[in-house]
Amino acid sequence: MLLWNGKLVNEEDVRVSYHDRGYYFGDGIYEVFRIYQGHLFEKEAHLDRLYNSLAEIKIRIPWSREELSDQLDQLRDTFGEQDGMLYLQFTRGEAKRAHAFPASSTAVMLGYCEPLARPVDAIENGIATITCEDVRWLRCNIKSLNLLPNTLAKQEAAEAGATEAILIRTDNTVTEGSSSNLLIVKNGTIYTHPDGPLILSGITKKVIERIASELQIPYVQRSFTREELMAADEAMITSTTMEAAPVITIDGQPVGTGTPGPVTRRLQEAYLQQVHALLAGASPAS
Ligand code: PMP
């Protein structure tokens with residue numbers, strides 16, 4: 001089943017207008033939730049970010065947060081698998097093509113679940129990355145449907161045989177991955193770009209921050225340069241689908257020893273424990 005404008009429907013009942021502003025302008029926002037053993041992981045944090053994205057681009061939806069939250073639970077309940085992801089997007093809706101917002105339009109909601117296995121190879125063995133110029137706009141905190149710079153960077157990585165592209169601004173500030181946040185470790189301290197308009201505030205990064213505090217691993221939010229990145233002892237990317245994956249090469253150069261490092265391993269282990277602990281304490285409907 002799909003979630004379509006607040007209702008659970010079959011795929012053939014979804015009709016998207018060619019006048020949808022998401023189609024013309026990428027005028028919309030989205031969220032990706034992780035489903036572990038039938039539970040939506042960090043659901044409230046994803047809802048917070050979703051509402052923030054909606055407010056930032058001034059899309060109003062006719063459902064309360066409680067109603068939306070219930071709809072997501074209902075969608076998840078129709079999903080037969082234990083592990084997967086829930087994709088949810090809102091566009092500004094249907095209107096004749098014109099840049100300025102239409103006088104009245106109704107937001108269009110689409111949600112669905114898909115099976116997703118943990119990317120065990122990346123998590124265990126690490127990933128290769130390339131660096132790319134960060135050519136995105138200056139409101140990267142909005143989880144907007146406009147993802148062309150991200151898809152172009154990811155494609156460049158794929159063509160180079162790498163898994164992720166690390167984005168670097170022309171002033172030499174390393175920001176994040178094309179679809180992930182980036183953290184480095186130097187002399188036992190974790191560094192990551194501060195939240196703000198230059199990056200997406202990752203939910204997984206937040207979980208890692210919490211874990212680092214519990215494990216008393218120093219965690220510093222400050223920007224760093226390409227040179228600092230290349231000289232890091234360890235690096236990792238985080239995202240809802242990748243969890244925390246070690247970065248073992250950047251532009252063909254090994255990071256540290258070129259194998260997943262000890263701090264990354266501790267964080268990964270604790271991340272899995274958090275997932276299991278949260279699930280163990282969660283009621284079936286949460
Ligand atoms: N940055 C970007 C650009 C992303 O697309 C993602 C994936 N949504 C992330 C960071 C990681 O965010 P999260 O941990 O919430 O999935």
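What share of the contacts in the chain with a separation of 6 or more comes from residues 24 or more positions apart?

1. **Contacts.** The share is 72%. Keep in mind that this is a predicted model.

2. **Overall make-up.** The chain has 8 helices and 16 strands. Its radius of gyration is 19 Å, close to the 19 Å that the globule rule gives for 286 residues, so the chain is as compact as a globular protein of that length. The C-alpha trace spans about 55 × 45 × 30 Å along its principal axes.

3. Of the 286 residues, 51% are buried. The accessible surface of the chain is about 13,600 Å². Carbon and sulfur atoms hold 53% of that surface.

4. **The six-stranded sheet.** Look for an open sheet of 6 strands. Read across it, the order is S2-S1-S6-S5-S3-S4, with antiparallel pairing. Strand S2 (7–9) and strand S4 (39–41) stand at the edges. Each has a single partner strand, so one side of each has no neighbour in the sheet. From one strand to the next, the twist averages 30°. As background, strands of a sheet pair through backbone hydrogen bonds, either parallel or antiparallel.

5. How many bridges join strand S3 to S4? There are 3, and the two strands run antiparallel. S3 covers residues 28–36. Within this pair, Ile35 stands opposite Leu40 in S4.

6. **Helices on the sheet.** Helix H3 (residues 65–77) lies across strands S1 (2–4), S2, S3, S4, S5 (84–91) and S6 (108–115). It runs at about 35° to S6. Helix H8 (residues 262–281) lies across S3 and S4. Its angle to S4 is about 140°.

7. **A hairpin.** Strand S8 (residues 164–168) and S9 are joined by 2 bridges and run antiparallel. Together S8 and S9 form a hairpin, with 4 residues between them. In the turn, Asn172 has a positive phi of about 80°. Across the pair, Ile166 stands opposite Gly177 in S9.

8. **Strand S9.** Is strand S9 mostly covered or mostly uncovered? It is mostly covered: 5 of its 5 residues, 173–177, are buried. S9 also pairs with strand S13 (residues 224–225). That pairing is antiparallel, over 2 bridges. Here Thr173 stands opposite Thr225 in S13.

Conventions: Residues numbered from 1 in each chain as written. Predicted model: local features only at pLDDT ≥ 70, side-chain atom pairs only at ≥ 80, totals over all residues. Heavy atoms only, no water. Pairing = 2+ DSSP bridges. Axes fitted to C-alpha atoms, helices over the stretch in contact; angles between N-to-C directions. Contact = heavy atoms within 4.5 Å. Buried < 20%, exposed > 50% of the residue type's maximum accessible area, 1.4 Å probe, protein only. Rg over C-alpha atoms; globule rule 2.2 N^0.38 Å. Areas by Shrake-Rupley, 256 points an atom, 1.4 Å probe, with all protein chains shown as cover.
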